[in-house]
Amino acid sequence: MRIGHIAVVFCLFCLLRVNAQETDSIRTFHLNGVDISESYGQFVRRRSALEVNVAGHDFLREHFTGNLVQTLEHIPGVHSMDIGSGFSKPVIRGMGFNRISVTENGIKQEGQQWGADHGLETDVFDVECVVVRKGPASLLYGSDAMGGAIEIMRLPPPSENQIFGEALLSGRSVNGAIAESLMLGFKKDAWHVKARYSGQDFGDYRIPADTVVYLTQLLPIYGRRLKNTAGFERDASLYAGYRKGAYRSHYAVSNVYQKSGFFAGAHGIPDASRLQDDGNPRNAELPFSTVNHLKASVQQQYTAGNLSVRLDAGYQNNHREEWSLFHTHYGTQPAPEHDPDKELVFRLQTYSLSARAQWTPSPVWAHTVGWDVQHQRNRIAGYSFLLPEYRRFSAGLLWLSEWHPSGNLSVSGGIRYDEGRMNIAAYADAYLATYLAERGYSDETATAYRWRSYPVRRRFGNLSGSLGVVWNPAGEHRLKANIGRSFRLPGANELASNGVHHGTFRHEQGDPSLPSERGWQLDVSYACEQDGLSVFVSPFVSWFGNYIYLKPSGKWSVLPHAGQVYRYTGAKALFAGGEIAAGVDFLRCFSYNVTAEYVYTRNLDERVALSFSPPASMRHVAGWKGKHAQVEAEWQAIAAQRRTAKNEDPTAGANLFHLRTTVRILPEKINAEVTLSLHNLLNKKYYNHLSFYRKVEIPEPGRNFQILLKIPFKQNIK
Amino acid sequence: MKTPIFSIYICLTIMAGILVASCDKGDNVKPVINLIEPEEGDVLQIGGDVHFEMKLSDDVALGSYKVDIHHNFDNHGHEKSGEETETVPFEFSREWVEDIAGKKNATVHHHEIVIPENATEGAYHLMVYCTDAAGNEAYVTVNVELSHEGEEHEHDE
């Protein structure tokens with residue numbers, strides 16, 4: 001059962017029965033010959049030509065942090081871009097933001113992924129299994145899945161009729177977080193229903209530093225807690241599945257609400273007076289952000305003979321608000337009558353529909369035809385302006401074939417065409433025009449700047465595809481190669497934003513004429529497992545003919561409090577790197593695993609690195625596993641990142657030590673589990689090159705003790 | 001077990017090749033601003049000009065600089081102090097190119113920033129931004145106070 005290529009982790013995959021593939025159920029029927037003891041992780045990994053990691057239930061519990069992305073960071077090649085202690089967004093092999101696709105229940109999660117200070121809006125407790133695909137996945141997911149895809153999936157229903165549930169309780173010392181989750185469900189004949197409520201409350205987080213530097217000013221940190229980084233989260237979800245004969249369907253509704261404060265010292269102009277301890281470490285005052293993500297999805301699937309058809313439909317409403325005490329630099333702008341402090345509002349509605357038909361004429365061939373459509377509408381409000389209103393429509397047609405001439409060789413390839421349409425509304429700012437006129441700018445300049453966003457109507461056509469091979473020459477060796485072409489439609493921010501982003505403090509300007517981002521990527525990987533020994537190597541190289549980045553223009557912005565204008569520009573770019581892992585099991589219950597990863601990025605036009613390049617890092621994990629308990633000790637070595645983009649600061653490296661243990665209490669009766677972990681044992685002050693607060697020189701959270709208690713129960717019914 | 005060694009070798013070769021190919025370096029070194037006047041906490045005279053002096057340097061070539069002065073009353077909330085008659089919060093933003101563009105080192109000294117008589121007294125931020133020819137940007141911020149009682153800064157020259 002052991003796939004020890006990363007930590008102890010992957011040997012603990014969810015054991016799924018093959019006839020219960022919720023996740024990729026469309027191809028279920030031709031798995032019948034597969035050994036029933038194979039884990040889902042092994043299966044996915046053996047079949048996909050791309051590098052795939054599966055984080056099962058045990059992995060998620062052992063590495064629980066109250067934040068999904070930070071948990072996935074234990075997979076080599078995956079990084080977490082943190083916004084304080086509570087929220088994060090994923091980065092795979094140096095690509096983040098809109099270059100990663102996250103799906104849940106078959107629907108692509110759509111929020112404001114482009115924003116540096118926007119996290120991933122999912123309920124961490126409601127995640128049962130995660131598949132991480134590294135590399136270009138545009139063929140399967142369309143635009144955005146350039147760097148990889150993260151699929152959040154459901155475990156299959158239990159085989160017997162039963163009532164089941166679980167209660168989870170978690171606490172973290174670094175930010176005083178208390179999180180709880182309650183799930184109740186039943187399986188009765190064809191029905192499988194689950195409901196979950198989760199909540200999380202956290203205070204200002206602790207950092208091992210007394211001062212931070214912002215805009216060249218040294219600011220004090222009172223009580224070593226970062227003021228106003230507290231927040232809370234309330235999530236609820238309902239899931240219902242129905243399976244009868246060849247028909248399957250599921251229905252899911254979920255709502256995630258998050259509120260988190262922004263560190264006042266990193267918002268606007270620094271001022272020590274705003275950092276005074278207000279005596280309450282658990283309040284989130286202005287400035288803060290709230291986001292509510294509502295998602296509903298339906299899946300229908302029917303299998304007849306060697307033909308299987310699946311339909312997915314989804315609706316999402318992402319409502320984000322950013323609040324900050326009313327301020328304006330344009331004297332004539334009055335505070336709004338209602339909610340004067342509501343700075344920015346984005347309401348993104350997404351409708352998506354996807355259809356798949358798979359035909360398996362013989363055990364050797366499988367063909368899939370697919371069709372995806374998505375419509376988005378973004379509306380804005382607030383006294384400030386950053387992103388215009390827009391509508392986006394995209395539709396894609398794909399064809400995928402798999403060929404398995406023998407048990408140890410499989411070749412898969414496919415081609416996809418997508419059409420995207422973007423319709424961006426104009427936005428004129430009269431206050432800005434008056435302000436500029438008052439300051440002596442010419443009418444011409446004032447009129448030109450008055451348009452914060454020009455109307456943009458664009459149409460994009462993109463061809464993507466991939467070809468891969470998986471070869472298992474002998475049981476213990478596995479060799480994969482994949483070449484893929486991927487694309488991404490430019491976002492509304494890249495086409496039409498124009499203003500000072502209060503998260504990055506830069507005047508960011510879109511370019512309405514930008515073409516789609518396109519790239520080629522070559523992946524190779526080799527894995528070998530033998531006698532408790534495992535080795536894994538996966539290098540990759542990718543090349544982009546048009547990689548969109550924020551280019552410093554050298555021209556000063558006329559907007560107050562802004563430096564130069566940063567313009568979204570396309571450049572030729574190169575990414576290369578890979579992951580290496582090795583593991584050994586010895587004396588029956590001990591293990592040692594080492595993983596290392598490196599990403600090299602280069603903007604070939606500017607001849608410097610790209611921003612947010614993850615530093616090289618290495619993890620050593622020594623573990624012991626008994627019948628009812630396990631212990632892991634980890635040494636994480638992060639190299640310094642000196643390869644930076646223009647106007648990005650280098651970040652020093654760090655050595656961190658972590659401890660984790662899981663104990664099962666009363667395994668016979670209630671099977672409760674307690675997981676304890678100690679992160680950053682030595683309370684080391686270090687920086688994460690990818691963190692939102694990095695540029696304000698705010699170090700990462702200090703020593704963190706965490707406890708997770710899980711009490712499951714089940715009762716068989718007739 | 002020959003295959004894994006071979007794979008590692010290939011991997012390392014590719015990485016080494018890339019590193020060698022990437023030796024030519026673009027400019028991502030920021031210019032350096034050494035702001036001499038005004039200093040942190042200085043009082044600037046309303047109705048007078050500002051003694052502005054700094055040294056700029058860059059490893060390749062300087063681009064331009066910008067000075068931005070804005071008030072910091074009430075932590076940026078723009079509430080006006082009612083009794084004062086007809087004063088206006090002072091706002092200043094201007095860029096200079098010719099004096100420094102293309103140079104590696106430059107000394108800037110001028111009195112071109114003038115604070116009008118009707119400027120509101122109080123706490124202000126003075127920010128100096130500087131870019132080099134490649135778009136690398138540096139900035140410094142100092143807290144200053146605008147006052148009628150402020151003494152005219154004596155000149156060292």
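Which residues touch the most other members of the largest nonpolar core?

**Before you start**

This is a predicted model, in which local features need pLDDT of at least 70 and side-chain atom pairs count only at pLDDT 80 or more, while totals for chains, interfaces and linings use all residues. Residues are numbered from 1 along each chain as its sequence is written, and chains are lettered from A and ligands numbered from 1 in the order in which they are written.

**Chain A as a whole**

Select chain A, which has seven helices and 35 strands; helices (H or I, at least four residues) and strands (E, at least two) are DSSP runs, numbered from the N terminus. Its radius of gyration is 25 Å, close to the 27 Å that the globule rule gives for 718 residues, so chain A is as compact as a globular protein of that length; the radius is taken over C-alpha atoms, and the rule is 2.2 Å times the number of residues to the power 0.38. The C-alpha trace spans about 80 × 55 × 50 Å along its principal axes. Buried residues make up 53% of the 718 residues in chain A, where buried means that 20 or more other C-beta atoms, placed from the backbone, lie within 10 Å of the residue's own.

**The largest nonpolar core**

Now select A:Ala55, A:Leu72, A:Val130, A:Val132, A:Ala137 and A:Ile150, which, of the 43 residues in the largest nonpolar core, touch the most other members. Such a core is a set of buried Ala, Val, Leu, Ile, Met, Phe, Trp, Tyr and Cys residues joined through C-beta atoms within 7 Å. Centre on A:Val132: leaving aside its neighbours within four places in sequence, A:Val132 is in contact with residues including A:Val52, A:Asn53, A:Gly148 and A:Ile150, contact meaning that the C-beta atoms, placed from the backbone, lie within 7 Å. Another core, of 32 residues, lies apart from the largest one, and A:Tyr568, A:Val599, A:Leu610 and A:Ala645 are among its members.

**An open sheet in chain A**

Next, colour the open sheet whose five strands have the order 1-6-7-4-5 in chain A, with mixed pairing; two strands pair if DSSP finds at least two bridges between them. Its edge strands, each pairing on one side only, are strand 1 (51–55) and strand 5 (107–108) of chain A. Strand 1 of chain A runs antiparallel to strand 6 (residues 129–134) of chain A over five bridges, and A:Val54 stands opposite A:Val131 of strand 6.

**A buried strand and its hairpin**

Move to strand 3 (residues 87–92) of chain A, where six of the six residues are buried. A:Phe87, A:Lys89 and A:Val91 point one way from strand 3 of chain A, and A:Ser88, A:Pro90 and A:Ile92 point the other way. Strand 2 (residues 78–83) of chain A pairs with strand 3 of chain A in the antiparallel sense over six bridges, with A:Ser80 opposite A:Pro90. In the hairpin of these two strands, which has three residues between the strands, A:Gly84 takes a positive phi near 70°.

Finally, select strand 23 (residues 456–471) and strand 24 (residues 477–488) of chain A, which run antiparallel and are joined by seven bridges, with a hairpin of five residues connecting them. A:Arg485 in strand 24 of chain A is the bridge partner of A:Gly465, and A:Arg485 also stands opposite A:Trp520 in strand 27 of chain A. Strand 24 of chain A and strand 27 (residues 517–530) of chain A run antiparallel, with twelve bridges between them.

Technical notes. A residue is buried if 20 or more other C-beta atoms lie within 10 Å of its own, exposed if 12 or fewer, and partly exposed in between; C-beta atoms are placed from the backbone. Two residues are in contact if their C-beta atoms, placed from the backbone, lie within 7 Å.
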